[in-house]
Amino acid sequence: AILLYTIKFEDDMKVKVLSRDPRDYLRTRSGDLPKLPRNADPTLHPHAAEREYSAAMNAVKLERVFAKPFVGSLDGHRDGVYVMSTHPKRLPIVISGACDGELKMWNVSSKECICSAPAHSG
């Protein structure tokens, strides 16, 4: 049950308070999901389509803001790369490790594999 109270103060200020019965939101078992109020009536939300459109437009704008241009790829591993690290003293050098059991050292400027070493088998 939802109750709406209007409280009037001495200086003609009114405050509307919405009160919900906490028993309506109790779970019957500890494993149950909590009950949340949801109003799916489209007549109570006349601007739902406009809100959805503006949310979608904002999402597209954020994708454009955070999108980075594709610079290039370093081809050579046969499986997914899970570790990458930069060289501590040489800026254009990157070392990658993949599940195929190989470590590869790359020159990022020329996009070439400098050397390859087995890291593990399996």
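Guide: The protein has one helix and six strands, where helices (H or I, at least four residues) and strands (E, at least two) are DSSP runs, numbered from the N terminus. Read from the N terminus, their order is β-β-α-β-β-β-β. The model is a predicted one, in which local features need pLDDT of at least 70 and side-chain atom pairs count only at pLDDT 80 or more, while totals for chains, interfaces and linings use all residues. Residues are numbered from 1 along each chain as its sequence is written, and side-chain values use heavy atoms, leaving out hydrogens and water.

Of the 122 residues, 8% count as buried. Buried means under 20% relative accessible area, exposed means over 50%, and partly exposed lies in between (1.4 Å probe, protein chains only). Serine 96 counts as buried because its relative accessibility is 3%. For contrast, methionine 13, found in the loop between β1 (2–8) and β2 (14–20), counts as partly exposed because its value is 43%.

Serine 96 sits in strand β4, which covers residues 93–98. Its side chain makes a polar contact of 2.7 Å with the side chain of histidine 77. Another polar contact, of 2.8 Å, links the side chain of serine 96 to that of tryptophan 106. A polar contact is a pair of N or O atoms within 3.5 Å; within protein, one must be able to donate a hydrogen and the other to accept it, and residues adjacent in sequence count only if both atoms are side-chain atoms.

With neighbours within four places in sequence left aside, serine 96 is in contact (heavy atoms within 4.5 Å) with His77, Val81, Val83, Met84, Glu102, Leu103, Lys104 and Trp106. Across the protein, 10% of the contacts with a separation of 6 or more are between residues 24 or more positions apart.

Several of these contact partners, including Glu102 and Trp106, lead on to strand β5, residues 102–107. Strand β5 pairs with strand β6 (residues 112–118) in the antiparallel sense, over six bridges; two strands pair if DSSP finds at least two bridges between them. Glutamate 102, in contact with serine 96, has proline 118 in β6 as its bridge partner. β5 and β6 form a hairpin with four residues between them. In that turn, lysine 111 has a positive phi of about 55°.
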